[in-house]
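The following briefing concerns the protein shown below.

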Amino acid sequence: RRFTDISSKRIVIPILCCPDDLDFSCSVVVVDAKMESDSVSWVKFGFDTTPMHRLPSAIGSSVDWLAGVGPFTFARDRYEAMVQKFAELRTQTQKMD
């Protein structure tokens, strides 16, 4: 939900999790995303260190931020198009299960 929440001004988004079972029990990479009217910036990247008993709702509440990674800025309209495509693919995948 955070990934597709483009109404927030600033949000920590999990962008990569364990590919084996797609849960948050192993290393999770997060970004500190800043939403502007014409752009979206992934300001910094880090590894989530939220205690297991608080996952997944509190993901991003405790992060070891990486030095020297980011920012990466995207045009807002292109970012929104990518988020929409991601949501469509996710819906299709869920229907196949």
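How many aromatic pairs does the count come to? With rings of Phe, Tyr and Trp (its six-membered ring) paired if their centres lie within 6.5 Å, the count comes to 5 aromatic pairs. This is a predicted model, in which local features need pLDDT of at least 70 and side-chain atom pairs count only at pLDDT 80 or more, while totals for chains, interfaces and linings use all residues. Residues are numbered from 1 along each chain as its sequence is written, and side-chain values use heavy atoms, with hydrogens and water left out.

**Aromatic rings**

- The ring centres of Trp42 and Phe45 are 6.0 Å apart with planes at 75°, so this pair is edge-to-face; planes over 60 degrees apart count as edge-to-face, under 30 as stacked and the rest as tilted.
- Trp42 and Tyr79 also form an edge-to-face pair, at 6.3 Å centre to centre and 90° between the planes.
- Because Trp42 lies in strand 3 and Tyr79 in helix 1 (residues 76–96), their pair ties together parts 37 residues apart in sequence; helices (H or I, at least four residues) and strands (E, at least two) are DSSP runs, numbered from the N terminus.
- Both Trp42 and Tyr79 are buried, as is Phe45; buried means under 20% relative accessible area, exposed over 50% and partly exposed in between (1.4 Å probe, protein chains only).
- Trp42, Phe45, Phe72, Phe74 and Tyr79 are linked into a cluster by ring pairs.
- The charged end of Lys44 sits over the ring of Trp65, 4.7 Å from the ring centre; the criterion is NZ of Lys or CZ of Arg within 6 Å of the ring centre and within 35 degrees of the ring normal.

- Ser41 is found in strand 3 (residues 39–48) and counts as buried because its relative accessibility is 13%.
- Beyond its neighbours within four places in sequence, Ser41 is in contact (heavy atoms within 4.5 Å) with Asp32, Ala33, Lys34, Phe72 and Thr73.
- Val69 is placed in the loop between strand 4 (63–65) and strand 5 (72–75), and its relative accessible area of 31% makes Val69 partly exposed.

**Whole protein**

- The protein has 1 helix and 5 strands, in the order β-β-β-β-β-α from the N terminus.
- Of the 97 residues, 30% are buried.
- Among contacts between residues at least 6 apart in sequence, 46% join residues at least 24 apart.
- The accessible surface (Shrake-Rupley method, 1.4 Å probe) comes to about 6600 Å², and 55% of this belongs to carbon and sulfur atoms.
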